[in-house]
Amino acid sequence: MIPTLFGLVFWLAAPFWAAMILAPAHPWTRRLVASPLIAVPPLLIYLAIMLPHFPQFFSVMVHPNLHALRDILGADWGAAAIWAHLIGFDLFIGRWIYLDSRARRISPWLVSPILFVTIFLSPIGLLSYLLAPKSGGMQRDRDR
C-alpha cells in the first residue's frame, strides 16, 4: 500500500501545478486554485501513512534526534510520509505564490519559472519569490 500511496500523491497535485504554471491568466485556473483545500488530498495521504507510526514519529518530533529521524525517513513509510508532506505543503506554498502574484499583477513570465522551481525545491522557490522585485523596473502584465 505504501508504494501505491507514494505514487499517487504527486498526481493529486500535478494538475494544479500545471494550471498555475502553463495557464496562469486563464479564469479556470483561478477558480481551480481558489481554495486552500487543494492541499488536502496529499495531506490525507500523509495522515494515512503516518497514523500507524504516530508514536514513533511523535517521539522524534518531541525529542529531536538526528539518528532516530534518519531511521524513520529511511523506512518506506517514513520516506513516503515525508514525500506526501512535501507535496502538500509545496502545493500550498505554490498556491499562495500564484494568488499573491496575481493580486499584485506580477507578470506570469516571472512567476511561472519560480513556481516551477517551487515544485521541486520549495524553499528556494519561496525565497526566490520573496526576494523578487515586486515593483520598480519589473515588467508587469497589464493585459489581465
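**Cavities, aromatic pairs and burial in a predicted model**

Met-20, Pro-24, Tyr-98, Ser-101, Arg-102, Ile-106, Pro-108, Val-111, Ser-112 and Leu-115 line the largest cavity. The model is predicted, and two cavities of 30 Å³ or more are counted in it. The count of aromatic pairs comes to five.

**Largest cavity**

- The space in the largest cavity is about 50 Å³.
- Helix 7 contributes the most to the lining of this cavity, with four residues.
- Helix 6 and helix 7 each provide at least two of the lining residues.
- By class, the lining of the largest cavity consists of seven nonpolar, two polar and one charged residues; Arg counts as charged, and Arg-102 is in the lining.

**Second largest cavity**

- The second largest cavity holds about 40 Å³ of space.
- Its lining is made up of Phe-10, Ala-13, Trp-17, Ile-87, Asp-90 and Ile-119.
- Helix 1 and helix 6 are the elements that give two or more residues to this lining, and helix 1 has the largest share, three residues.
- The lining of the second largest cavity has five nonpolar residues, no polar ones and one charged residue.

**Aromatic pairs**

- Phe-10, which also lines the second largest cavity, forms an edge-to-face pair with Trp-11, at 5.0 Å centre to centre and 80° between the planes.
- Phe-10 is partly exposed, because its relative accessibility is 29%, whereas Trp-11 is exposed at 60%.
- Trp-96 and Tyr-129 have ring centres 5.6 Å apart and planes at 90°; the angle is over 60 degrees, so this pair is edge-to-face.
- The pair of Trp-96 and Tyr-129 links distant parts of the chain: Trp-96 belongs to helix 6 and Tyr-129 to helix 8 (residues 122-131), 33 residues apart.
- Trp-96 is partly exposed at 39% relative accessibility, while Tyr-129 is buried, with a relative accessible area of 2%.

**Buried side of helix 3**

- In helix 3 (residues 40-50), the buried residues are Pro-42, Ile-45, Tyr-46, Ile-49 and Met-50.
- Viewed down the helix axis, the buried residues of helix 3 fall within an arc of 125°, so they line one face of the helix.
- The cover over the buried residues of helix 3 includes helix 1 (2-22), helix 4 (54-62) and helix 6.

**Thr-118 in helix 7**

- Thr-118 is located in helix 7.
- The relative accessible area of Thr-118 is 0%, which is under 20%, so the residue counts as buried.
- Apart from neighbours within four places in sequence, Thr-118 is in contact with Trp-17, Asp-90, Ile-93, Gly-94, Ile-97, Gly-125 and Leu-126.
- Trp-17 and Asp-90, two of these contacts of Thr-118, are also among the residues lining the second largest cavity.

**Arg-105 in a loop**

- Arg-105 sits in the loop between helix 6 (76-103) and helix 7 (108-120).
- The phi of Arg-105 is near 60°, which is a positive value in a residue other than glycine.
- Arg-105 has a relative accessible area of 29%; this value lies between 20% and 50%, so the residue is partly exposed.

Note on methods. Residues are numbered from 1 along each chain as its sequence is written. This is a predicted model: local features need pLDDT of at least 70, side-chain atom pairs count only at pLDDT 80 or more; totals for chains, interfaces and linings use all residues. Side-chain values use heavy atoms; hydrogens and water are left out. Buried means under 20% relative accessible area, exposed over 50%, partly exposed in between (1.4 Å probe, protein chains only). The arc is that of the directions from the helix axis to the C-beta atoms. Contact means heavy atoms within 4.5 Å. Rings of Phe, Tyr and Trp (its six-membered ring) pair if their centres lie within 6.5 Å; planes under 30 degrees apart count as stacked, over 60 as edge-to-face and the rest as tilted. On a 1 Å grid over the protein atoms alone, a cavity is a set of points where a 1.4 Å probe fits but cannot get out, and a pocket is an open set with protein on both sides within 12 Å along at least five of seven lines; lining residues have an atom within 4 Å of a point. Grid points are joined across faces, edges and corners, and a volume is the space filled by probe spheres set on the points.
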